[in-house]
Amino acid sequence: ATVYDARIKMQGSFAVPDETQLKNLIGDGQPMWDESYLVFGTTTNLTGLRAEDHVAINDADAPWQPCMEFVRDKRACGGGSLVVARAHLDAGAPPAGPISFNGSISLRGTTSFNVLYGGRELEATIRSTWTTPSFGGDVLPATSSVTAHGFEANWQAADFGAPRISTTASITDPAMWKGTNFGVDLIEAMPVYRMVNRVAKYCLLFVVLSFATYVCFELLSRLRIHVVQYGILGLSLSLFALLLLSLSEPIGYTAGYVVSAGLVLIQSTLYTAAVAKRAVPALVFAGVLAGLFAFIYVLLGLETYSLLIGALALFVVVSALMVITQTIRWPARGGNGTDAQPEAAAP
């Protein structure tokens, strides 16, 4: 899986409802402003927090604390991984003006980074050195730039009906979180296992072209190759995908491909030299197989035109086989080495 380490910087403000709104919300209850706190949470494990992570609420620094240590209510802290920070407000009258916050937090995750936002206005920017992002969610980036050095994307959204105030005992009440969802998936342009799977599909091409080369040796140089030797050659070539899979996991796809191709090329070439007992057929076979390995590697690296280039290459190979077979003097269909002629009909 693709693992990332994210450093999140955030700032914003909460508008305090007026007395009429508060009375309609809580009835005869009394807000306890001195027990106010800011909550940050994820739906999965909250990992990656550092000692320097903090938040300032109304310019007063506050450390992040586990939810259960501060709220001490399992119902309120359920439904996600939460950390809280005390707001340090006065116990008496409501705060004068909006409550601002400015802080940072560190996260670690895999594959994707998504934000669920329930506020009125949103402006967010995500920067990374990852070169193959996939943006998703309810809102796509207003602007984005993807280069060979990474990407930067900016989101802007507004929901004039937000935030949705709730009096539930749970902090992660689903009724509250119906806002904007946006994020990015860190996809791999050439994931190892998908590449190995594609290579395995091309193994049949390796075997067919190698067998065709052996057949040409038999027809052009009167070399006789037993069917068992064909089978052993096919077995050697079929090991390429297995070697690639086992080597790509510890040393990477490119190095695994080079080593696997080299091992199979050396093994099959030496076997061909032993079968032919001549250097020229072995060198020709090595050149054909090496060219095929190089072509498949380049072909799989092409994202947009791989199907087109592969189809054209197969067309060229078939055309070459047609030309080569025209130079061969095929045995006649008759049993005596000459074309069989139909007998004349009796009068």
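Which hand does the crossing of α4 and α6 have? The crossing of α4 and α6 is right-handed, a crossing being right-handed if the near helix is turned clockwise from the far one by less than a right angle, and left-handed if anticlockwise. This is a predicted model, in which local features need pLDDT of at least 70 and side-chain atom pairs count only at pLDDT 80 or more, while totals for chains, interfaces and linings use all residues. Residues are numbered from 1 along each chain as its sequence is written, and side-chain values use heavy atoms, with hydrogens and water left out.

**Helix packing**

Helices (H or I, at least four residues) are DSSP runs numbered from the N terminus. In the table, axes are lines fitted to C-alpha atoms over the stretch in contact, and angles run from 0 to 180 degrees between N-to-C directions.

| Helix pair | Angle | Axis distance |
|---|---|---|
| α4 (192-221) and α6 (253-276) | about 20° | 13 Å |
| α5 (227-251) and α6 | about 160° | 7 Å |
| α6 and α7 | about 160° | 9 Å |

Helices α4 and α6 are therefore roughly parallel, the term for angles under 35 degrees, with over 145 counted as roughly antiparallel.

Contact means heavy atoms within 4.5 Å. From α4, V192, M195, V199, Y214 and F217 meet Y253, Y257, Y271 and T272 of α6. That contact has eight nonpolar, one polar and no charged residues, where Ala, Val, Leu, Ile, Met, Phe, Trp, Tyr, Cys and Pro are nonpolar, Asp, Glu, Lys and Arg charged, and the others, Gly among them, polar.

On α5, residues including I232, L233, F240 and L247 meet α6 residues, among them Y257, V264 and Y271. The contact of α5 with α6 divides into 16 nonpolar, seven polar and no charged residues. Towards α7, α6 uses residues including Y253, Y257 and V264, which meet F285, L289 and F293 among others. Here the division is 17 nonpolar, four polar and no charged.

**The second largest pocket**

Helices α4, α7 (279-301) and α8 (306-326) each supply at least two lining residues, and α4 gives the most, seven. The lining has 16 nonpolar, two polar and no charged residues.

Key. Parallel < 35°, antiparallel > 145°, perpendicular 65-115°, else oblique.
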